[in-house]
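Me: I have this model open and would like to go through it with you piece by piece. Could you keep the answers plain and spell out the cut-offs as we go?

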Amino acid sequence: MLLTRLRQTLALLALVAVGNAVAEPLKVGFVYVSPVGDAGWTYMHEQGRQIVSEEFGDQIETSFVEGVAEGADSERVIRNLAKSGYDLIFTTSFGYMNPTIKAAKRFPRTTFEHATGYKMAKNVGNYMTRDHEARYLAGMVAGAMSKTDVLGFVGAFPIPEVIRGINAYMLGAQQTNPDIKMKVIWVNTWHDPAREREAAESLMLQGADVLAMHTDSPAVIQAAEANGKYATGFNSDMSAYGPKAHLTSAMQHWHNMYRAKIQAVLDGSWKPTSVWHGLAEGANDIAPIHKDVPEPIVALVEQHKAQIIAGDRSVFQGPIYNQSNTIMVSDGQQMTDAELLKFNWYVKGIEGKIPQ
Amino acid sequence: MDIAFIDNVLFATVRTATPLLLVALGVMISERSGVLNLGQEGMVLVGAALAFIAAYVTGNMGWGIIAGAFAGMLVSVLFAFIALSLMANQVATGLALTIFGTGLSAFVGADYVGQSIAGLSPISIPLLSSIPFIGKAFFAQDIMVYLSFCLFGGLWWLMRATRLGLIIRSVGENPEAAHALGYPVRKIRYCAVLFGGAMAGLAGAYLSLAYTPMWSEGIAAGRGWIALALVVFASWRANRVLFGAWLFGFASILHLLLQGYGYAISPNLLAMLPYLVTIIVLVIMMQRKQGGSDAPRSLGRPFSPSR
Amino acid sequence: MRIEKRLQPSRAMVLLSPVLALVLTLIAGALLFKMLGHPAGLSLYNYFINPISDWYGVSELLVKVTPLLLCAIGLMLCFKGKVWNIGAEGQFIFAALVSGYVSLQLMAVEGFWVLPVIIVAGALAGMAWAAIAALLKTHFQASEILTTIMLNYIALNLLLWGVHGPLKDPDGYNFPESALFADHTLLPLLSEDYRVTVAIYIALLMLAVVWFVLSKSIFGFQIRVMGESAGAAKFAGYKNRLLVWSLLLFSGAMAGVAAVSEVNGPVGQLIPTLNLGYGYAAIIVVFMGRMHPIGILIASFLLGLTYVGGEMVQIEQGMPKSIVGLFQGMLLFFLLACDLLIQYRLVLPGFGPIRLPSDRTKQVAS
């Protein structure tokens, strides 16, 4: 709160210094892939938008278009925003990458920021959170709490972002439980609460007693709650959906990145960069840990968190073995961002194969 | 594979099938009376949204269930008025209802996204719930699953053994003759459509109160459409609707289970399973019958008493 | 108030009822906007006028209309013949997958024949997918309503399998997208500044062809006969089968061309979310257009406008997307309700029938 106010004061001072810049607020547009009512991915971006919109007050004017399909519609919406005088446009889904690049060519004076992609241009930057860092910590809790030594993971689609999270979760779990195994079920949708729940039930039928998901809804938490099992959430703190089952959540806080990017455009210091923020920058965190989790485990999680923030530890630091026990990252090494971006193999302990 | 495992698989199958069963039974009645209402998805969504809102506001699940059924019925009045009183094309009116209902549910539910409620909890029936293989699946479910069993039983009996069932069928087969015999064709069709709306609303309530107790946009995720297909598949018979819903539910669970066992088949190809099974079973059934379709003969045709 | 059947459909009402429906929708829409606290006039302007207030806007509307119209042309014939093909969506998706595959194979091959090959591949793929439903209907008596809905889901999963597996861009960081198509495999743009392609001409040409066939040929007559009386068509026996096949195949081909217009047009690659529901929306277009070629042309523009207008009120006034659904729903409801006036007339108690000057039923006093 204090920090916010300080920022606002600083921002105001900056404005006073620039003087005539006060006249026109910066118009910031957001393009969302699902309705803000999805309770997951888009909901979190919308929370981020509301936070920065409040913080920057009169300096910016924000607006969003929700439920924009990633096909031909998205380029039109992005272009329409640019045409309507929006100065900075955030496109918040992977599938907007090429449409954003295409639209950006036509509006060279508008600034574009695309989430979770890999392409950039003169006026296009991209941003992402290191959600695998929070996943890793949640995995530590999950590994410690499993009695059957089987974790269950409900994934949306086998894309690098999700596979990264699955691997991080497993590596975390191995820190607290060397015998741990993990099953993965793909549901082929970001948002179908009933199907997510069915997947969770199937995993529990096959012995999993701590669940996690990389889909939008809290249905997996609810399934665990109903069956007396544990689960960890994603995106936001999902404890309300399963007070007994919810161990912790791997959370994303997009407003940190939005604040930085907007500030850069306001200052005139914006450059096309690829920003990948994690625990250290406050873009990710874990929700308060369940009281059932033993104190030493909580302490260990805190310790690893502090080490990651301090840069003394990386989630993907060697030695890391793949499923066939070949060493993929040797001791003392760690995976580069480029490697993380195209992650397409499972670490040891995960069962099944990545569908190709 | 032990007894408890099978019981658990059946348990999950029954739960997965419940929303489909509820919608499909309603569709069966309205189609038996000769009305084709493609607005199921919209009605399910409106039912789900209103059920959640009512349960959240009152804190009482019972009100939630009632509100869901009532909301589904209310939007079906819109369909009934345009398609029956104004005799508009039923396919188009139904599609319009789905679009409208999807928008309406998102609109009224917007403030309730991210809220949580306790949801319905299972009620185990003593003794019966410990029967091996099927105890948990049939006797340790929540109240709405039991309700769906009762509705199935009632409708099966209604269509099979009662005069009212016969009247509904005759209205769907030959409305002119039914009219000539003095039956109020349009009133019966109105009732059938409204009943269908209430059933779709109940299915929505099941999703947002019991299965995944929350509201999020598009929570039905196409189940209204599947239910419509299911009724054709079941050739408008209650027992086959039940069988079809369970089969579809089982196929859905099976494809997830196979993944969990690590079968290296693409999940996309496995996800086709329920749809393929539906087509194959339909084809087999049509071969055995030889008589062509059982569709109510005046399905989708408007009726005007002055004709 | 009661309603009464006209002896003959009112010609005036055929033209007047859509106008009346539009006016009612605008009034209801204005009330809705007012209720939400937005100025009604400005909102309606942003919804219906602003999106097409310049050539860019018009071109974008055409981008939206092209696949919609193509799908609707095929479905119109099907529905006229009472073949309930709900599967344009699946035919679209399967054709997108196949034509996308062909486009990727022809990346390095230049030649005037490349584009025609891609278009034909798309059309054939759409036909193949529709042929499954035709076969199941004519040889296994399986209802096409059911099989086409199921085939839609199957096609979608095939597309997902394709972009997650064999068709994934090898340099695409394992994201589920194909490589971007080479420029020579893309449909030519009408103008460098806009995204609308020559596919709109194909759509309009096909519309004209279908109109001609329906009004002038024996084939058109047969479709009408089959649609109007199943008994008469059954009498024709195997000809009926032939008709079911030709209607489904034609509609599959149209959905296939629609897929090419989208994939080799504004999208330019295979992605998991290609299907924007054109196959379903086209069903609405056909009914809104009363199964008449001119009708569906107007309807596809109107429906297209409700989509782009919905984006505009979100951008300009921060309205929720659910407005689009409410608006489209209302428009359809009013259209369908007003169509009653073609076949029937209102009779107010104590006044006698409401008459229009051109009302042909006037001599029959009630």
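Me: Which residue is the bridge partner of Gly152(A) in strand 7 of chain A?

Reply: The bridge partner of Gly152(A) in strand 7 of chain A is Lys183(A). This is a predicted model, in which local features need pLDDT of at least 70 and side-chain atom pairs count only at pLDDT 80 or more, while totals for chains, interfaces and linings use all residues. Residues are numbered from 1 along each chain as its sequence is written, and chains are lettered from A and ligands numbered from 1 in the order in which they are written. Helices (H or I, at least four residues) and strands (E, at least two) are DSSP runs, numbered from the N terminus.

Me: How many bridges link strand 6 and strand 7 of chain A, and in what sense do they pair?

Reply: Strand 6 of chain A pairs with strand 7 of chain A in the parallel sense, over six bridges; two strands count as paired if DSSP finds at least two bridges between them.

Me: Is strand 6 of chain A buried or exposed?

Reply: Six of the six residues of strand 6 (residues 150–155) of chain A are buried, so this strand is largely enclosed by the rest of the structure. Val150(A), Gly152(A) and Val154(A) point one way and Leu151(A), Phe153(A) and Gly155(A) the other way, and all are buried. A residue is called buried if 20 or more other C-beta atoms lie within 10 Å of its own, exposed if 12 or fewer, and partly exposed in between, with C-beta atoms placed from the backbone.

Me: What is the strand order of the sheet around it?

Reply: The open sheet has six strands in the order 7-6-8-9-10-12 (chain A), with mixed pairing. Its edge strands are strand 7 and strand 12 (284–286) of chain A, each of which pairs on one side only. Neighbouring strands are turned by 15° against each other on average, direction ignored. Further in, strand 8 (residues 210–214) of chain A and strand 9 of chain A pair in the parallel sense over two bridges, with Leu211(A) opposite Ala231(A) in strand 9 of chain A.

Me: Which strands does helix 7 of chain A lie across?

Reply: Helix 7 of chain A lies across strand 6, strand 7 and strand 8 of chain A, and runs at about 160° to strand 6 of chain A. Axes here are lines fitted to C-alpha atoms, for helices over the stretch in contact, and angles run from 0 to 180 degrees between N-to-C directions.

Me: Which peptide bond is cis, then?

Reply: The bond from Gly318(A) to Pro319(A) is cis, with omega near 0°, and Pro319(A) is found in the loop between helix 10 (295–310) and strand 13 (320–321) of chain A.

Me: And what about the other open sheet, in what order do strands 2-1-3-4-5-11 of chain A pair, parallel or antiparallel?

Reply: That open sheet of six strands keeps the order 2-1-3-4-5-11 (chain A), and the pairing is parallel. Strand 2 (60–65) and strand 11 (274–277) of chain A are the edge strands, each pairing on one side only. The twist averages 20° from one strand to the next. Strand 5 (residues 124–129) of chain A pairs with strand 11 of chain A in the parallel sense over four bridges, and Thr129(A) stands opposite His277(A) in strand 11 of chain A.

Notes:
Contact = placed C-beta atoms within 7 Å.
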